[in-house]
Amino acid sequence: MKTRVSNFGPGPATLPLEVLEQTAEDIINFQGSGIGLMEISHRSPEFQGIADEAESLLRELLQIPDNYRVLFLQGGASSQFFMIPMNLLADNGKATYLNTGTWAKKAIKEAQLFGDIDVAYSSEEQSFNRVPSDGEYSIKDDSEYLYFVSNNTIYGTQFATFPKTDTTLICDMSSDILSRPIDVSKFGLIFAGAQKNLGPAGVTIVIVRDDLVERGPETIPTMLRYKTHADKGSMFNTPPCVAISVVCRVLQWVKNMGGLEVIQKRNEEKAAVIYRIIDSGDYYRGHAERDSRSQMNISFNLPTPELEKKFIEEAAAIGLKGLKGHRSIGGCRASIYNAFELSGAEQLASFMEQFAANNPAS
Ligand code: PMP
């Protein structure tokens, strides 16, 4: 096998090696059952044990209060864009959205199919280079909820603190869940596609307060009601067993690392190594405004698109892969989720220094 490289991909993203090794064993023979993970019944005690452990570890790590349900759903994070308004905006209800990037915009478009949506803030004209602070928008009294994206994967912006409001908070945490401690009790619903910090693509975690679970009207399709999945312990139909098992292994890894405070420090350290280079001169330009910077995705530009192309190619040649920016904004992006190692960030930082020295702007 070729050696593994530093994978800066934005998702699916790098996973802890020990999780991959354990999963390789699980695929062949799951928990000593003699049956592989892709073959075993989701109703078997072995699989039920892993699903239960995944939920209890997530509850422990995020300190999820008892009046919240944890659901393991399919359809990607994108399905939450319509499930949320379908369940919570019956009778053309009102909701407020913050437009901080592509994923927020897509959620707004879906929500508009079901409710009266107020886009109270948008950084679109500034190419989504920042997230707002509380004073920059207002929430109408009759809003059912405030929806925002905690980390904007494409632009490399992140809410350092969450909106303070009495309105029900709904958050897409797909690209920063478990990267830092959070107070779940401040939210009505949190969701995240697994493929960045939690595991492989194929499962979406939804953490939802009991009263909101009950809100979904019976007139919407059964599979799209939160209550359906909450009542059946996320086993209303066949769940994505492989993805859930890997999520469980990742949660075990997070716990073994020392939990979310330790993970947060590690993430800050990794990000600082790269931002230091960006801030050290004019050669690299960070996309995000400083106080909106993400600890998970660092989007930046070089002096010209030609230099960016060369940078990405030369980096890949020395095992620094996945640095191409999202097609919507171009440039470069280093995604450094939980499982990404500090040594990879250090390697990128020294490559950036060398590249700038060897390839002057003009
Ligand atoms: N929200 C955010 C913040 C994302 O980064 C992504 C995907 N990169 C999505 C939603 C969409 O996720 P999915 O592909 O699982 O639908």
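This is a predicted model: local features need pLDDT of at least 70, side-chain atom pairs count only at pLDDT 80 or more; totals for chains, interfaces and linings use all residues.

Trainee: What area is buried between domain 1 and domain 2?

Mentor: The domain assignment, which is automatic or taken from a database, gives domain 1 as 17-257 and domain 2 as 259-357. In contact (heavy atoms within 4.5 Å) are 28 residues of domain 1 and 26 residues of domain 2. Buried area is the accessible area (1.4 Å probe) that two parts lose on being put together, summed over both. Carbon and sulfur atoms give 55% of it here, and the area itself is about 2300 Å².

Trainee: Which three residues supply 23% of the area that domain 1 buries against domain 2?

Mentor: No other three residues of domain 1 supply more of that area. They are Ile154, Gln158 and Met257.

Trainee: Which residue forms a salt bridge with Arg130?

Mentor: A salt bridge requires a side-chain nitrogen of Lys or Arg within 4 Å of a carboxyl oxygen of Asp or Glu. The count between domain 1 and domain 2 is one such bridge. Arg130 also belongs to a network of salt bridges that includes Glu136. At 3.1 Å between the closest N and O atoms, the partner of Arg130 is Glu289.

Trainee: Are Asp26 and Arg249 buried or exposed?

Mentor: These side chains meet in a salt bridge, 2.9 Å from N to O. Asp26 lies in helix 1 and Arg249 in helix 7, 223 residues apart; helices are DSSP runs (H or I, at least four residues) and strands likewise (E, at least two), numbered from the N terminus. Buried means under 20% relative accessible area, exposed over 50%, and partly exposed in between (1.4 Å probe, protein chains only). Because Asp26 has 2% relative accessibility and Arg249 has 10%, each counts as buried.

Trainee: What is the relative accessible area of Arg290?

Mentor: Arg290 forms a salt bridge with Asp279, the closest N and O atoms being 3.2 Å apart. Asp279 is partly exposed at 33%. Arg290 is exposed, with a relative accessible area of 59%.

How values were computed: Residues are numbered from 1 along each chain as its sequence is written. Side-chain values use heavy atoms; hydrogens and water are left out.
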